[in-house]
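The sequence and the structure come first.

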Amino acid sequence: MEMEMEMESSAVEIDGSVMEGGGQILRVSAALSCITGSSINISKVRAGRSTPGLRPQHLSGLQLVSDLCSGSLQGAAIGSTDISLTPGKIQSGNHTADTETAGSVCLLLQVALPCALYSDASSQLILKGGTNAEMAPQIDYTVKVFKPMVERFGVHFDCDIRMRGYYPKGGGEVMVTVNPVKELQPVVMTERGNITKIYGRAFVAGVLPYKLAKDMSAAAVRTIRKEIKELYINIPALQEKEKACGNGNGIIIIAESSTGCVFAGSALGKKGVYVDKIGIEAAEMLLRNIRHNGCVDEFLQDQLIIFMALAKGTSRIRTGAVTLHTQTAIHIAEQLTQAKFTITKSEDELSSDDTFIIECEGSGAVNKHL
């Protein structure tokens with residue numbers, strides 16, 4: 001019994017309502033708990049949200065991590081605001097997570113991928129839910145932007161999109177194969193270079209007419225043309241038939257730079273919203289994310305924090321304005337690892353008012369199972 005008490009007191013206490021106060025705190029802390037072997041207690045989960053506590057999305061993510069690290073999970077129920085995770089040994093092999101809603105498979109991957117890197121062999125993750133969902137990266141973002149950028153840290157994974165799924169039913173499925181690493185490399189990305197390529201996809205799925213995809217694409221191209229005149233912009237309009245479950249429409253536009261930086265803007269169709277507006281929204285998001293001359297967009301910015309924290313050595317990434325999501329991820333990463341972050345304003349001639357450098361002395365997490 002004595003021993004048991006000992007373990008209890010050494011758990012790291014995480015306040016789930018601090019700063020951004022959303023599901024991201026759960027994802028970063030659960031993944032780092034799994035990798036570092038520290039138990040965590042998270043209180044006030046999503047306290048400020050309109051539906052506080054765990055949603056199906058977060059619950060399936062936590063169950064996936066617990067499954068990955070043979071852990072024990074307390075408080076794992078819909079609406080729960082207090083949870084604790086005691087991790088065990090990280091297990092390779094097959095793991096399945098199903099949000100049973102349109103909850104994002106991309107957010108499931110965000111929490112599971114770092115854990116799978118520290119396993120003894122490759123892992124297959126079968127993730128079910130929404131592939132193109134609101135308030136989350138679209139699967140196309142994960143494959144075209146997130147993947148090449150995390151590969152710089154030495155992360156290698158394959159993503160097979162077996163079925164796309166849309167709000168409200170979901171029904172999508174991706175299979176992700178992750179290879180383990182001994183340790184992650186630090187990444188320095190401070191030179192953006194010029195934008196050399198802009199491309200993307202505008203899609204309709206289910207019963208929606210093809211014309212919507214063409215109109216979204218055309219509106220996006222018109223908007224980008226106002227600012228970037230010299231590049232060929234290739235955003236094909238696609239009608240998804242076979243591998244799509246449910247009805248949906250949306251667009252993602254990707255820009256690549258001469259130094260290999262990748263940025264994106266995206267939007268999903270909503271009931272009663274004119275499709276031109278969807279195309280324009282995605283285009284404006286992309287333009288906003290390349291104006292500041294940083295090397296990552298606002299979404300990748302916070303997703304890279306966990307990798308910077310785990311890497312062995314010093315990473316430096318040039319970015320636009322530092323988001324609350326990023327500050328939150330840094331706060332949690334510093335609580336659970338020895339990583340030290342500093343954010344400084346970038347002062348060179350290419351900088352705008354909101355160009356920053358995020359620097360991290362990584363904790364150098366070593367995979368002891370390899």
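## Gln301 and its surroundings

The side chains of Gln301 and Thr319 make a polar contact of 2.8 Å. A polar contact is a pair of N or O atoms within 3.5 Å; within protein, one must be able to donate a hydrogen and the other to accept it, and residues adjacent in sequence count only if both atoms are side-chain atoms. This is a predicted model, in which local features need pLDDT of at least 70 and side-chain atom pairs count only at pLDDT 80 or more, while totals for chains, interfaces and linings use all residues. Residues are numbered from 1 along each chain as its sequence is written, and side-chain values use heavy atoms, with hydrogens and water left out.

Helices (H or I, at least four residues) and strands (E, at least two) are DSSP runs, numbered from the N terminus. The table gives relative accessibility, where buried means under 20%, exposed over 50%, and partly exposed in between (1.4 Å probe, protein chains only).

| Residue | Relative accessibility | Class |
|---|---|---|
| Gln301 | 3% | buried |
| Phe299 | 30% | partly exposed |
| Asn249 | 9% | buried |

Contact means heavy atoms within 4.5 Å. Leaving out residues up to four places away in sequence, Gln301 touches Val296, Thr319, Gly320, Ala321, Val322, Thr323, Thr326 and Ile358. With that same exclusion, Phe299 touches Tyr141, Met285 and Asn289.

## Annotated residues

The unreviewed UniProt entry annotates Gln110, Phe299, Leu300, Gln301, Asp302 and Gln303 as "binding site"; such annotations may be inferred rather than shown by experiment. These residues span 194 residues in sequence, yet no two of their C-alpha atoms are more than 13.2 Å apart, so they gather at one spot.

## The second largest pocket

Gln301 is also one of the residues lining the second largest pocket, including Arg288, Asn289, Gly320 and Asp354. A pocket is an open set of points on a 1 Å grid over the protein atoms alone, where a 1.4 Å probe fits, with protein on both sides within 12 Å along at least five of seven lines; lining residues have an atom within 4 Å of a point. Helix 7 (275-291) and helix 8 (298-303) are the elements that give two or more residues to this lining. Helix 7 supplies the largest share, three residues.

## Asn249

Asn249 is placed in strand 14 (residues 248-257). Its C-alpha atom is separated by 23 Å from that of Val262, 13 residues apart along the chain.
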